[in-house]
Amino acid sequence: MSDKKEANDVKTGLVLEGGGMRGVFTAGVLRYLMENDIYIPYVVGVSAGACNGSSYISRQIERNRIVNIDYITHPEYISVKRYLKSRELFGMDFLFNKLPNELVPFDFETFGSAQEKFVVGTTDCATGEPVYFEKSDYEKDMLTILRASSSLPFMAPEVEFDGRLLMDGGIADPIPIRKSEADGNMKNVVVLTRNKGYQKGKPSFGWLLKKRSPHQGLVKAILERHITYNRTLAYIEEKEDKGEIFIIRPEEKLSVGRVERNPDKLSRLYQQGYEQAEKLHDDLGKFLSK
């Protein structure tokens with residue numbers, strides 16, 4: 001692959017897993033893709049993956065790093081005091097209003113005019129089923145949709161939008177590969193935030209969920225998420241063996257957690273994502289061009 005590569009195959013998708021602050025790995029991968037003008041025509045993501053993907057679509061190379069690393073120690077970003085008071089660990093107004101509109105302006109114009117399709121996955125609290133929103137239909141509401149996709153249970157309130165109560169897209173569809181395929185992409189690049197061999201375990205707080213949440217559809221989806229995740233992972237790896245999916249993921253187990261606040265750890269993970277994409281440059285080029 002040449003240093004300047006445009007993925008023009010309309011049947012190619014880019015699938016972005018979530019993972020909270022582990023998504024900084026994805027941010028590093030996308031930084032490399034943007035530097036090398038590698039823009040895949042269809043992008044679908046959930047939670048942190050969707051947030052990182054939005055800056056990929058808007059061509060803002062530095063934005064994910066600035067938002068997720070430079071601002072991580074800001075008192076409004078993650079606050080235990082706020083969590084104890086209002087059950088909101090991440091400052092959702094700060095993340096989805098003040099940052100994109102004031103501190104690190106999001107390029108809405110470039111985002112809207114970009115040719116790539118962009119799809120964000122959320123979870124319907126009533127049914128526990130995934131609900132997807134495409135940029136072409138909901139461009140002006142994208143910050144609200146990204147907020148919904150990033151609203152983790154017990155850490156942020158539900159988001160009311162389009163007649164639904166919505167939460168973290170990673171609950172119902174943690175790696176939205178089947179959504180990409182359903183939209184016609186039989187060839188996909190998948191960016192994961194876990195190393196090979198990882199398997200998600202059964203949640204240990206099921207009793208608390210059942211007691212505290214009025215949304216039984218959401219509870220069911222959370223309790224079954226490990227099954228959904230592990231089955232999806234097996235499906236992806238099977239497709240990888242057939243040459244239909246190209247996976248970019250960490251080579252080693254991450255030391256960064258979902259709510260990591262250490263900027264040095266996050267910077268190293270960001271660089272790890274960048275270097276992993278760089279390492280796979282030639283193989284990715286062959287995959288995209290075949």
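Trainee: What share of the contacts in the protein chain with a separation of 6 or more comes from residues 24 or more positions apart?
Mentor: They account for 75%. Contact here means heavy atoms within 4.5 Å.

Trainee: What kind of model is this?
Mentor: A predicted one: local features need pLDDT of at least 70, side-chain atom pairs count only at pLDDT 80 or more, and totals for chains, interfaces and linings use all residues. Residues are numbered from 1 along each chain as its sequence is written, and side-chain values use heavy atoms, with hydrogens and water left out.

Trainee: OK. How many helices and strands does the protein chain have?
Mentor: It has 15 helices and eight strands. Both are DSSP runs, numbered from the N terminus: helices are H or I with at least four residues, strands are E with at least two.

Trainee: Why call the chain as compact as a globular protein of that length?
Mentor: Its radius of gyration is 18 Å, close to the 19 Å that the globule rule gives for 290 residues, so it is as compact as a globular protein of that length. The radius is taken over C-alpha atoms, and the rule is 2.2 Å times the number of residues to the power 0.38. The C-alpha trace spans about 55 × 40 × 40 Å along its principal axes.

Trainee: How much of it is buried?
Mentor: 56% of the 290 residues. Buried means under 20% relative accessible area, exposed means over 50%, and partly exposed is in between, with a 1.4 Å probe and protein chains only.

Trainee: And what is the accessible surface of the chain?
Mentor: About 13,100 Å², with 48% of that belonging to carbon and sulfur atoms. The areas come from the Shrake-Rupley method with a 1.4 Å probe; for residues, only the protein chains shown count as cover.

Trainee: Switching to α2. Is it mostly covered or mostly open?
Mentor: Mostly covered. Helix α2 runs over residues 48-57, and nine of its 10 residues are buried. Among them are Asn52, Ser54, Ser55 and Tyr56.

Trainee: What happens just after α2?
Mentor: Arg59 takes a positive phi of about 65 degrees, although Arg59 is not a glycine. Arg59 lies in the loop between α2 and α3 (63-70). Arg59 is partly exposed, with a relative accessible area of 33%.

Trainee: Now Glu260. Where does it lie?
Mentor: In the loop between β8 (245-248) and α14 (263-279). Glu260 is buried yet has no salt bridge. A salt bridge needs a side-chain nitrogen of Lys or Arg within 4 Å of a carboxyl oxygen of Asp or Glu.

Trainee: What is the nearest side chain of opposite charge?
Mentor: Lys265, 4.0 Å away. Lys and Arg count as positive, Asp and Glu as negative; His and the chain ends are not counted.

Trainee: Which backbone nitrogen lies 3.0 Å from a polar atom of the Glu260 side chain?
Mentor: That of Asn262.

Trainee: What does Glu260 touch?
Mentor: Leaving out residues up to four places away in sequence, Glu260 touches Met21, Ile72, Ile78, Ser255, Lys265 and Leu266.

Trainee: Last one, His226. Buried or exposed?
Mentor: Buried, with a relative accessible area of 14%. His226 lies in helix α13 (residues 225-241). Neighbours within four places in sequence aside, His226 is in contact with Lys200, Gly201, Lys202 and Pro203.

Notes. Polar contact = N/O pair within 3.5 Å; in protein donor to acceptor, adjacent residues only side chain to side chain.
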